[in-house]
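Biologist: I would like to learn how to read a structure one feature at a time. Could we go through a helix, a strand, a single residue and the ligands?

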Amino acid sequence: MINITNIEKFATHDGPGIRTTVFLKGCPMHCPWCANPETQSIHSVFMYTASKCVACKACINHCPSKALSFVNGHMHYEQTKCILCRTCENVCMQDAISFNGENWKEEDVLEEILKDKDYYDASGGGVTFSGGEPFVQFSSLLHLLKMCKQKNISTAVETTGDVPFERIREAEPYLDLFLYDFKHLDNIRLKKVTAGNGKRIKANLTWLLKTCPDKVIVRIPIIPGFNFEEALLKKTFHYLQDLGVKKLHLLPYHTLGKPKYEKMGKLYTMETSMMKEEELSSYRLYAQDLGFDVEIGG
Ligand code: SF4
Ligand code: SF4
């Protein structure tokens, strides 16, 4: 079984052509700007939309574990008491409660992927496994990758790179594309803000670039207050150039994931203004001059 949050059809930003993107749960990093915070935990996540709630208390009254209550007019959820029976979700007539993450059989996920095979074949697309960090549920991921390859489906993974090397090595023959995040050059700063292991991310990237350089696109999320500094970005480009990176995507900071934080009862600690693509134009030119094939977004 594999725990996923969503299967997105006709995705066009997670690799070439028309794709199906499968979002897997679990991530070793905790980036405060994460657009999919509900995927960070490997467990199902309670989501509550206050604006839909009419305070009827049906969920509270039916919860067998007394995990829900109103505290000062706000819904309070105690994860340690919750047995994930989903009664609250079912009794809420306002659709104010949902749980994010569901266990699927790998074969059922494959069936969903196969439904759009004609589109992949016509557009040069395929399937992308995203998250979260898809390598966290490794045995399921590998099983799916092998099945996709047997069906001649092109495969991609969106990865933090912060995963055990053996998993990268074992999965590589079944992957056509690694969309590889590179968030910060400084391991200490990376660790402090995201809990990520920069040494491991760099080592895995180095191996991939030696083994299959044409399969790697490095993506840098550009985050104000974290890595959006001219000297740092230029130094990062030079570092990636030395490693042998050919394709680079610069991803401007956006706030599209913000409403999810509210639903999860979490505070969104980042800036609320989105970046404009034009803010990265000079960096695109700089990277192009270094020989990178560069895209903004992607
Ligand atoms: S899933 Fe079940 S135990 Fe958890 S809060 Fe809802 S009703 Fe209570
Ligand atoms: S059942 Fe739905 S509408 Fe009623 S209190 Fe619970 S969340 Fe609010």
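**Reading the features**

Modeller: Helix H8 (residues 198–211) has 14 residues, and from its first C-alpha to its last it reaches 20 Å, close to the 20 Å expected at 1.5 Å a residue. Keep in mind that this is a predicted model.

Biologist: Which residues of H8 are buried?

Modeller: Buried means under 20% relative accessible area. In H8 the buried residues are Gly-198, Ile-201, Lys-202, Asn-204, Leu-205, Leu-208 and Leu-209. They lie on the same side of H8, because they cover an arc of only 165° around the axis. On the other side, Lys-199 and Lys-210 are exposed.

Biologist: Now a strand. How should I read its two faces?

Modeller: In a regular strand the side chains alternate between the two faces of the sheet. Take strand S3 (residues 45–48), where both faces are covered. Val-45 and Met-47 are buried on one side, and Phe-46 and Tyr-48 are buried on the other.

Biologist: Which strand is joined to S3, and do the two run parallel or antiparallel?

Modeller: S3 is joined by 4 bridges to strand S6 (residues 97–100), and the two run antiparallel. As one example of a bridge, Tyr-48 has Ile-97 as its partner in S6.

Biologist: Which residues is Pro-252 in contact with, leaving aside its neighbours within four places in sequence?

Modeller: Pro-252 is in contact with Ile-222, Met-275, Glu-277, Leu-280, Ile-296 and Gly-297. Separation along the chain is another thing to check. Pro-252 and Lys-276 are 24 residues apart along the chain, and 7.0 Å separates their C-alpha atoms.

Biologist: Last, the ligands. Which residues come nearest to each of them?

Modeller: Start by listing the residues around a ligand, then sort them by type. Ligand 1 is surrounded by 14 residues, the closest being Cys-63, Cys-82, Cys-85, Arg-86 and Cys-88. The shell around ligand 1 divides into 11 nonpolar, 2 polar and 1 charged. Around ligand 2 there are 14 residues, of which Cys-53, Cys-56, Lys-57, Cys-59 and Cys-92 come nearest. The shell around ligand 2 divides into 12 nonpolar, 1 polar and 1 charged.

Note on methods: Residues are numbered from 1 along each chain as its sequence is written. Chains are lettered from A and ligands numbered from 1 in the order in which they are written. This is a predicted model: local features need pLDDT of at least 70, side-chain atom pairs count only at pLDDT 80 or more; totals for chains, interfaces and linings use all residues. Side-chain values use heavy atoms; hydrogens and water are left out. A residue is near a molecule or strand if one of its heavy atoms lies within 4 Å of it. Ala, Val, Leu, Ile, Met, Phe, Trp, Tyr, Cys and Pro count as nonpolar, Asp, Glu, Lys and Arg as charged, and the others, Gly among them, as polar. Buried means under 20% relative accessible area, exposed over 50%, partly exposed in between (1.4 Å probe, protein chains only). Two strands pair if DSSP finds at least two bridges between them. The expected span of a helix is 1.5 Å times one less than its number of residues. The arc is that of the directions from the helix axis to the C-beta atoms. Contact means heavy atoms within 4.5 Å.
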